[in-house]
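Subject: Structure handover

Hi,

Here is the structure I promised to pass on. Please open it next to this email; my notes follow below.

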Amino acid sequence: MCLVFDIEENVDRDIPCCTRTGSSYHDGQNQCIDMEAARRRCPMYSRHDRRSEATDAVWEMMGGSVSSNNNALFYIAFAKAWRKATTVGIPRNVLRPLKDRC
């Protein structure tokens with residue numbers, strides 16, 4: 001969320017905002033917990049912001065829409081990154097399960 005919405009300015013100026021204005025849970029409750037914040041949608045970073053690359057990555061992972069609930073692209077990329085981070089490039093057939101006891 002902090003890679004897409006520019007909440008810093010609102011926090012610094014003590015202006016409450018919400019990233020999910022107009023969204024409700026299944027029971028009808030507004031997803032913005034603070035009703036004052038629910039009146040203002042937090043602004044998004046501009047295309048010229050220094051964080052625009054991170055914002056672009058979020059858009060890509062969300063399938064081009066921040067309001068999308070499709071997390072499939074993120075989970076696919078995360079699984080690949082997790083595998084690389086935890087195996088450090090070691091082939092699967094070389095790794096062995098951890099022992100239950102030392």
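Which residue forms a salt bridge with D56, and how far apart are the closest N and O atoms? The partner is R47, and the closest N and O atoms are 2.6 Å apart. Before the rest, one caution: this is a predicted model.

**Salt bridges**

The structure holds 2 salt bridges. Take the D56 and R47 pair first. D56 is partly exposed, at 30% relative accessibility. R47 is exposed, with a relative accessible area of 60%.

The other pair is R51 with D49. Here the closest N and O atoms are 3.0 Å apart.

Where does D49 lie? It sits in the loop between α1 (7–12) and α2 (52–61). Is D49 buried or exposed? D49 counts as buried because its relative accessible area is 18%, and the cut-off for buried is under 20%. The D49 side chain also reaches the backbone nitrogen of R51, at 2.8 Å. So R51 meets D49 through a salt bridge and through that backbone nitrogen, with the cut-off for a polar contact being 3.5 Å.

**Overall fold**

The chain has 3 helices and 0 strands. Along the sequence the pattern reads α-α-α. The chain has 102 residues, and 19% of them count as buried.

What radius of gyration does the chain have? The value is 20 Å, whereas a compact globule of 102 residues would have one near 13 Å. Along the principal axes, the C-alpha atoms fill a box of roughly 55 × 40 × 30 Å.

α3 has 16 residues. From its first C-alpha to its last it reaches 23 Å, close to the 22 Å expected at 1.5 Å a residue. Just after α3, V88 takes a positive phi of about 50°.

Which residues form the nonpolar patch on the surface? They are F74, Y75, F78 and W82. Together they have about 490 Å² of accessible area. F74 is found in helix α3, which covers residues 72–87. F74 itself is partly exposed, with a relative accessible area of 39%.

T55 is found in helix α2. Is T55 buried or exposed? T55 counts as buried, at 6% relative accessibility. T55 and M44 are 11 residues apart in sequence. In space they are 8.9 Å apart, C-alpha to C-alpha.

D14 has a positive phi of about 55°, although it is not a glycine. D14 counts as exposed, at 68% relative accessibility.

**Where to look**

- D56 and R47, with closest N and O atoms 2.6 Å apart.
- D49, a buried residue whose side chain reaches the backbone nitrogen of R51.
- The surface patch of F74, Y75, F78 and W82.
- D14, with its positive phi of about 55°.

Best wishes

Definitions and conventions: Residues are numbered from 1 along each chain as its sequence is written. This is a predicted model: local features need pLDDT of at least 70, side-chain atom pairs count only at pLDDT 80 or more; totals for chains, interfaces and linings use all residues. Side-chain values use heavy atoms; hydrogens and water are left out. Patches are made of residues with over 30% relative accessible area and no salt bridge: like charges are joined within 9 Å, nonpolar side chains (Val, Leu, Ile, Met, Phe, Trp, Tyr) within 5 Å. Accessible areas come from the Shrake-Rupley method with a 1.4 Å probe; for residues, only the protein chains shown count as cover. A salt bridge is a side-chain nitrogen of Lys or Arg within 4 Å of a carboxyl oxygen of Asp or Glu. Helices (H or I, at least four residues) and strands (E, at least two) are DSSP runs, numbered from the N terminus. Buried means under 20% relative accessible area, exposed over 50%, partly exposed in between (1.4 Å probe, protein chains only). A polar contact is a pair of N or O atoms within 3.5 Å; within protein, one must be able to donate a hydrogen and the other to accept it, and residues adjacent in sequence count only if both atoms are side-chain atoms. The expected span of a helix is 1.5 Å times one less than its number of residues. The radius of gyration is taken over C-alpha atoms; the globule rule is 2.2 Å times the number of residues to the power 0.38.
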